[in-house]
Amino acid sequence: MIGIDATGWVTQIHPEAGQMSTPLVANQPYLVPGGTEWWGLDSYKGVEHIYFVLSRTQRTDIEQALRTLPVERPAPAGSYQPVTQPALLATRGLVKVQAAAPTSVQTNGGATQTVTPDTFSSQLQTGDLVVTRWFQHQ
C-alpha cells in the first residue's frame, strides 16, 4: 500500500517501511493500517492518492523500489504547487466492490471511531490486483 500526497511525497503505508511483507490469507478481512496507527493529514493540501498493489507472487521489484524511498520527509522547496486533479489510472483485476459492515476502531488518542471499510474482490487466478483510491485534502 503506497501513498502519494499532494506534494508528490511517496510513502509506504503497509506494511510499514522496514517491515517485511506478509502473505495475505484468502477470505480474511484486513484492517489497514492495523491497530491504532491511523493516518493524519498534514498542512499540504490537494489531491492525495493511495495505491493498493496485491500479487499472487512476491513482487521483489516493488519491495526493492520501496526500500529506496527516503524515511524522513524533506520540506518542499519554496511554495509547492498542489496536485489538483486525481491521476485516473485503470484499476486492474477488480471484479466487484461492495460496502462492508461498519466497524469500530480505536484512534491514537484512545477514542473509538466507526468506519465503513471498502471490500475489494477479485476472481483473478493469475496476475496482479491494483486498486487506486484518491481524496481531496482541503
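Read along the sequence, the protein chain follows the pattern β-β-β-α-β-β-β-β-β, which amounts to one helix and eight strands. Helices (H or I, at least four residues) and strands (E, at least two) are DSSP runs, numbered from the N terminus. This is a predicted model, in which local features need pLDDT of at least 70 and side-chain atom pairs count only at pLDDT 80 or more, while totals for chains, interfaces and linings use all residues. Residues are numbered from 1 along each chain as its sequence is written, and side-chain values use heavy atoms, with hydrogens and water left out.

**Whole chain**

- The protein chain has 138 residues, and 20% of them are buried. Buried means under 20% relative accessible area, exposed means over 50%, and partly exposed lies in between (1.4 Å probe, protein chains only).
- Accessible areas come from the Shrake-Rupley method with a 1.4 Å probe; for residues, only the protein chains shown count as cover.
- Of the contacts between residues at least 6 apart in sequence, 72% join residues at least 24 apart. Contact means heavy atoms within 4.5 Å.

**Loop between strand 1 and strand 2**

- Asp5 sits in the loop between strand 1 (2–4) and strand 2. Asp5 counts as buried because its relative accessible area is 7%.
- Beyond its neighbours within four places in sequence, Asp5 is in contact with Asp42, Val47, Glu48 and Arg73.
- The side chain of Asp5 also reaches the backbone nitrogen of Trp9, at 3.0 Å.
- Thr7 belongs to the loop between strand 1 and strand 2 as well. With 26% relative accessibility, Thr7 is partly exposed.
- The side chains of Thr7 and Asp5 make a polar contact at 2.7 Å. A polar contact is a pair of N or O atoms within 3.5 Å; within protein, one must be able to donate a hydrogen and the other to accept it, and residues adjacent in sequence count only if both atoms are side-chain atoms.
- A polar atom of the Thr7 side chain lies 3.5 Å from the backbone nitrogen of Trp9.
- Thr7 and Ser79 are 72 residues apart in sequence, with a C-alpha to C-alpha separation of 9.9 Å.

- Leu24, Val25, Tyr30 and Leu54 make a nonpolar surface patch of about 360 Å². Patches are made of residues with over 30% relative accessible area and no salt bridge: like charges are joined within 9 Å, nonpolar side chains (Val, Leu, Ile, Met, Phe, Trp, Tyr) within 5 Å.
- Tyr30 lies in the loop between strand 2 (10–12) and strand 3 (46–55). Tyr30 is partly exposed, at 41% relative accessibility.
- Arg56 is in the loop between strand 3 and helix 1 (60–67). Arg56 counts as exposed because its relative accessibility is 54%.
- Arg56 and Leu24 are 32 residues apart along the chain, and their C-alpha atoms are separated by 9.4 Å.

**Salt bridge**

- The count comes to one salt bridge, where a salt bridge is a side-chain nitrogen of Lys or Arg within 4 Å of a carboxyl oxygen of Asp or Glu.
- Arg59 and Asp61 form a salt bridge, and their closest N and O atoms are 2.7 Å apart.
- Asp61 is partly exposed at 44% relative accessibility, and Arg59 is partly exposed with a relative accessible area of 25%.

- Pro102 is in the loop between strand 4 (96–99) and strand 5 (103–106). At 57% relative accessibility, Pro102 is exposed.
- Leaving out residues up to four places away in sequence, Pro102 touches Thr114, Val115 and Thr116.
- Pro102 and Pro117 are 15 residues apart in sequence, and the distance between their C-alpha atoms is 6.8 Å.
- Gln113 is part of strand 6 (residues 112–115). Gln113 has 43% relative accessibility and counts as partly exposed.
- The C-alpha atoms of Gln113 and Thr103 are separated by 8.3 Å, and the two residues are ten residues apart along the chain.
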